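User: Hi, I'm new to this one and would like a slow walk through it. Could you start with whatever holds the ligand?

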Amino acid sequence: MTGLCTGRVAVVTGAGRGLGRAHALAFAAEGAQVVVNDLGVGLDGTGGAAGPAQRVVDEIRAFGGEAVAHGGDIATAEGAASLVATALEAFGRLDTLVNNAGFLRDRMLVNLDEEDWDAVMRVHLKGHFLPLKHAAAHWRAEAKAGRTPEARVVNTSSGAGLLGSVGQGNYSAAKAGIVGLTLVASAELARYGVQVNAIAPAARTRMTEQTFADTMAAPEDGAFDAMAPENVSPLVVWLGSSASAGVTGRVFEAEAGRITVMEGWRPGPSADKGARWTPAEAGESALKLLAAAETPQPVYGTR
Ligand SMILES: NC(=O)c1ccc[n+]([C@@H]2O[C@H](COP(=O)([O-])OP(=O)(O)OC[C@H]3O[C@@H](n4cnc5c(N)ncnc54)[C@H](O)[C@@H]3O)[C@@H](O)[C@H]2O)c1
């Protein structure tokens, strides 16, 4: 198959379902050879099955694409190392890593168990760090051997991480952490030919189809299915291709037919006394600065 990613090898984590499946199919349709990773866990991260990853591999092969399955847990060193090794063994190279796997354990903060905090931080934050670390080690070795790659990483944040989301303290913290990791990785890895960006997607998957049943339902009249996960994948494929040269350290919201560049923290109104404030003075100054500052976007679940 020929396309934007011909000759490239892409690894997509959590690609047995939902957004990851759509990304894997889209990469293959653009000519990439794809490693389809999925542990096949339930919505809360429990259980495990080989079926979802293998089914996506079968779908890709059915239209003439090339793919292999990887069933490891990307939040373990062994799983992340074998993920990169699978790409190298099956296809001889690695060009693009899409970190996408994850699950939810939603609770209000006062009810959030330590175990649910740890599980969500582990799968999203560590589950981004470890594949990124192992892929980056490979790309650094390539660059040092005189074969600087056109490598791409696409991380998966969330509107919950950028703006906050009621009932998702663990998930919002992990997804905000992924943005911080993206910025550091983009700065550290540029010298090895690696670009690192993040997306904040919204689509109808098992993760969202119950909470947002009305707003995410597929239209019955054949109109544009705005919330189909396939609508997010074109941007991911472009970011994962050599065509996105020069784009790194950025966060994009991708939903339906809309792509938005998210503009992050930057200094707003500021005051400098040139000496230590008293608490009362600091408060008076803070209120003046807030009056001059932009109103923050509302936290999801509060509007
Ligand atoms: N659906 C949305 O609107 C939305 C919004 C914002 C962010 N996201 C993010 O997009 C990503 C994909 O979510 P989705 O909606 O497609 O959910 P999904 O549940 O359909 O797919 C996630 C997949 O990840 C796999 N997985 C979970 N833990 C794993 C692990 N340790 N190792 C390997 N695979 C693992 C699951 O088996 C599942 O197939 C997630 O990171 C999610 O947080 C989704």
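Analyst: This is a predicted model, and in it an N or O atom in the side chain of Arg17 is 2.9 Å from an oxygen atom of the ligand. Leu19 takes part through its backbone, where an N or O atom lies 2.8 Å from a ligand oxygen, while the side chain of Asp38 has an N or O atom 2.6 Å from an oxygen of the ligand. The protein covers 97% of the 840 Å² of accessible area that the ligand has on its own.

User: How many residues surround the ligand, and which are the closest?

Analyst: There are 30 residues around the ligand, and the closest are Asp38, Asn100, Tyr171, Thr205 and Arg206. Sorted by class, the shell consists of 12 nonpolar, 13 polar and 5 charged residues.

User: Which helices and strands supply at least two residues of that shell each?

Analyst: Helices α1, α4 and α6 (169-189) each supply at least two, and so does strand β6 (194-202).

User: Switching topic, how many salt bridges are there?

Analyst: The count comes to 9 salt bridges. One of them joins Glu59 and Arg21, with the closest N and O atoms 2.8 Å apart. That pair links distant parts of the chain, since Glu59 sits in helix α2 (residues 51-62) and Arg21 in helix α1 (residues 18-29), 38 residues apart. Arg21 and Glu59 also belong to a network of salt bridges that includes Glu230.

User: Is Glu59 buried, exposed or partly exposed, and why?

Analyst: Glu59 counts as partly exposed because its relative accessibility is 31%, and Arg21 likewise counts as partly exposed, at 24%.

User: What about Arg105 and Asp116, are they buried or exposed?

Analyst: Both Arg105 and Asp116 are buried, and their side chains meet in a salt bridge at 2.9 Å, N to O. Arg105 lies in the loop between β4 and α4, whereas Asp116 is in helix α4, 11 residues away.

User: And how far apart along the helix are Lys288 and Glu284?

Analyst: They are 4 residues apart in helix α9 (residues 279-292), which means that about one helical turn separates them.

Note on methods:
Residues numbered from 1 in each chain as written. Predicted model: local features only at pLDDT ≥ 70, side-chain atom pairs only at ≥ 80, totals over all residues. Heavy atoms only, no water. Salt bridge = Lys/Arg side-chain N within 4 Å of Asp/Glu carboxyl O. Buried < 20%, exposed > 50% of the residue type's maximum accessible area, 1.4 Å probe, protein only. Near = heavy atom within 4 Å. Polar contact = N/O pair within 3.5 Å; in protein donor to acceptor, adjacent residues only side chain to side chain. Areas by Shrake-Rupley, 256 points an atom, 1.4 Å probe, with all protein chains shown as cover. Nonpolar A, V, L, I, M, F, W, Y, C, P; charged D, E, K, R; others polar.
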